[in-house]
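Please read the following explanation with the sequence and the model side by side.

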Amino acid sequence: MLSLPNLLTLSRIVAVPLLVWFLWWPDWEAGYGIAFVLYCLMGITDYFDGYLARSSGAVSRLGIFLDPIADKIMVAAVILILVGTRDIPGVHVIAALVILLREIAVSGLREFLAQVQVSVPVSQLAKWKTTLQLVSLGGIILGGAVPDMAWVHNVGIVALWGAAVLTVLTGWDYLRVGLKHMD
């Protein structure tokens, strides 16, 4: 249960409050810089926990359960704090909301499908969606660390909208599969 891959996954969950703390003050550029480094480390552990589990034959039920939860906790916490600090401002909150709502809906759908013993594998498009989400939020965080380089923040916002579009497309894919198993 306490294999290296599972510890890496758990470390992401434990690091979320620290990440939020560094982002709490929107004018603290150093805090945003530290948050960006921490966020990148969390993203790297997301890759390595799965890679290590598969390559060493240490895939566990705990890891399968915790990995997507760790991802959702991290993304949701970052979105909420960035909306709260207005780093995701105005109309761009819609893109953030689309991402959050899809995560909740797909989690519920996966739970329902598990009860009827249907597994929905993660599609390649969903992996790109996750990557674009992580890049977009990272860009927005980095933009807070280097406010004189407004283009960094703007790239993050554009990527956030791209992630929202992929979120809708992949959410629709999951919903189509789920609807086939509902009566």
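With which residue does Arg-176 form a salt bridge? The partner of Arg-176 is Asp-173, and their closest N and O atoms are 3.3 Å apart. A salt bridge is defined here as a side-chain nitrogen of Lys or Arg within 4 Å of a carboxyl oxygen of Asp or Glu. Side chains of opposite charge can pair when their charged atoms come close.

This is a predicted model, in which local features need pLDDT of at least 70 and side-chain atom pairs count only at pLDDT 80 or more, while totals for chains, interfaces and linings use all residues. Residues are numbered from 1 along each chain as its sequence is written, and side-chain values use heavy atoms, with hydrogens and water left out.

Arg-176 and Asp-173 are separated by about one helical turn, because they stand three residues apart in helix H6. Helices in this account are DSSP runs (H or I, at least four residues), just as strands are DSSP runs (E, at least two), and they are numbered from the N terminus. Arg-176 is partly exposed, with a relative accessible area of 44%, and Asp-173 is also partly exposed, at 28%.

Elsewhere, salt bridges that share partners join Arg-12, Asp-46, Asp-49, Asp-67 and Asp-71 into one network. A search of the whole structure finds eight salt bridges.

Glu-103 is buried, with a relative accessible area of 9%. Lys-129 is buried at 4%, whereas Lys-72 counts as partly exposed at 28%.

The next topic is the pockets. On a 1 Å grid over the protein atoms alone, a pocket is an open set of points with protein on both sides within 12 Å along at least five of seven lines, whereas a cavity is a set of points where a 1.4 Å probe fits but cannot get out; lining residues have an atom within 4 Å of a point. Grid points are joined across faces, edges and corners, and a volume is the space filled by probe spheres set on the points.

The largest pocket has a volume of about 1600 Å³. Its lining comprises 47 residues, and Asp-46, Asp-67, Pro-68, Asp-71 and Val-122 lie nearest its centre. The elements that give two or more residues to this lining are H1, H2, helix H3 (61-84), helix H4 (93-115) and helix H5 (124-145). By class, the lining of the largest pocket divides into 22 nonpolar, 13 polar and 12 charged residues. In this division, Ala, Val, Leu, Ile, Met, Phe, Trp, Tyr, Cys and Pro count as nonpolar, Asp, Glu, Lys and Arg as charged, and the others, Gly among them, as polar.

The second largest pocket holds about 160 Å³ of space. Among the residues lining it are Val-98, Leu-101, Arg-102, Gly-171 and Met-182. H4 and helix H6 (150-179) are the elements that give two or more residues to this lining, and the largest share, six residues, comes from H4. The lining of the second largest pocket has eight nonpolar, two polar and one charged residues.

Finally, consider the surface. Leu-18, Trp-21, Trp-24, Trp-25, Trp-28 and Ile-34 form a nonpolar patch there, with about 640 Å² of accessible area together. Patches are made of residues with over 30% relative accessible area and no salt bridge; like charges are joined within 9 Å, and nonpolar side chains (Val, Leu, Ile, Met, Phe, Trp, Tyr) within 5 Å. Accessible areas come from the Shrake-Rupley method with a 1.4 Å probe, and for residues only the protein chains shown count as cover. Trp-28 is found in the loop between helix H1 (4-23) and helix H2 (29-55), and Trp-28 is partly exposed, with a relative accessible area of 32%.

Conventions:
Buried < 20%, exposed > 50% of the residue type's maximum accessible area, 1.4 Å probe, protein only.
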